[in-house]
Amino acid sequence: MPENKNRISQLFNIKYPIIQAGMIWHSGWRLASAVSNCGGLGIIGAGSMYPDILRENIKKCKKATDKPFGVNVPMLYPNLDEIINIILEEGVKIVFTSAGNPKTYTETLQKENITVAHVVSSTKFAVKCEDSGVDAIVAEGFEAGGHNGRDETTTLCLIPNVKKHISKPLIAAGGIALGSQMKAAMILGADGVQIGSRFAATQEASAHENWKNKITELNEGDTLLTLKELAPVRLVKNKFFNELEEIYHHGRNKEALTASLGRARAKLGMFEGNMEDGELEIGQVSALIDEILPVEVVFNTLLKEFNDCKIPII
């Protein structure tokens, strides 16, 4: 597969154009450094970290790898200025922003020679990203886990359409856990891929073992995109999800949804291991994941599947 020959490999100075998503409660320094050491781009997920915890993870990641790594900054969380200052102070060279306006921090970061990518879920916002001057764009189909697009555009449709309208390096995300899916995304026009769910179920991910085991048990139809009134998110159907459905049954009451969501629901589920009352975010591709594996095994399997996927002439 491509080694330092496509735009993503060159942009981030990595061996393979495989980016690990900065997932809340999963993407600590162990996962990020393991992916980077395999030749991809590991990402620390700042969304679930207090500023001091983020600084600690950055420092530990520097010690665990001499390869490039980045930090994901979801702009719907508080303490953003403090998080950006820590990134600058610690000399992080790659930042992925999401869930907000790409113009907010791009210029500030690029002035410090930081490479900036932004995550979008539509062609319209991809064009806005390009206009804002980001270095790369992640186009994420609604198959993806976590916070997602309201339009429910699938990766298969999103990637070729975005490719038609932008010139910046393009990273495909959503529904990618196999090497064959990676190849399909690149045939559609992506320069590389961002993978979340497959790396969530690895030994190095910082999520609770109960949650990792749950991921391996999921089947088709066990997740659904919900909470569009607040911030769309793909969730596993559990007791908490059913409570949300009951609120919908009695009308789309935004206040009731906010009250039910409360605080720390995602931490309760994915980090503390409460599989019934917690918020469990994962992509549709979880139906293909049946083992908790070391990152190195996942990475090598991706590469082998990619190289083994030959497309015959019809």
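Helix α11, which spans residues 239-249, buries Phe-240, Phe-241, Leu-244, Ile-247 and Tyr-248. These five cover an arc of only 115 degrees around the axis, and therefore sit on the same side of α11. Please keep in mind that this is a predicted model.

- An α-helix has 3.6 residues a turn, so residues three or four places apart point the same way.
- At the N-terminal end, α11 is capped by Asn-238, with a side-chain oxygen 3.3 Å from the backbone nitrogen of Phe-240. Phe-240 is also one of the buried residues of the helix.
- Beyond the helix comes Gly-251, and its phi is positive, near 115 degrees.

- Strand β10 (residues 223-226) runs antiparallel to strand β11 (residues 233-236), and 4 bridges join the pair.
- Within this pairing, Leu-224 has Leu-235 of β11 opposite it.
- The two strands make a hairpin, with 6 residues lying between β10 and β11. In the turn, Leu-227 takes a positive phi of about 60 degrees.

**The sheet**

**Ser-27**

- You will find Ser-27 in the loop that links β1 (18-20) to α2 (29-37).
- Its relative accessibility is 2%, which means that Ser-27 counts as buried.
- Setting aside residues up to four places away in sequence, Ser-27 touches Gln-20, Ala-21, Gly-22, Ile-43, Ile-44, Gly-45, Met-49 and Ser-206.
- A polar atom of the Ser-27 side chain lies 2.8 Å from the backbone nitrogen of Met-23.
- Ser-27 and Phe-241 are 214 residues apart along the chain, and 24 Å separates their C-alpha atoms.

**Ser-132**

- Ser-132 belongs to helix α6, which covers residues 123-132.
- With 14% relative accessibility, Ser-132 counts as buried because the cut-off for that class is under 20%.
- Apart from neighbours within four places in sequence, the contacts of Ser-132 are Pro-102, Lys-103 and Thr-106.

**Cysteines**

- Searching the whole structure turns up 0 disulfides.
- Cys-157 is in no disulfide, and the nearest cysteine sulfur to it, that of Cys-309, is 19 Å away.
- Cys-309 is likewise in no disulfide, its nearest cysteine sulfur being that of Cys-157.
- A relative accessibility of 23% makes Cys-309 count as partly exposed.

How values were computed. Residues numbered from 1 in each chain as written. Predicted model: local features only at pLDDT ≥ 70, side-chain atom pairs only at ≥ 80, totals over all residues. Heavy atoms only, no water. Pairing = 2+ DSSP bridges. Buried < 20%, exposed > 50% of the residue type's maximum accessible area, 1.4 Å probe, protein only. Arc of directions from axis to C-beta. Polar contact = N/O pair within 3.5 Å; in protein donor to acceptor, adjacent residues only side chain to side chain. Disulfide = S-S within 2.5 Å. Contact = heavy atoms within 4.5 Å.
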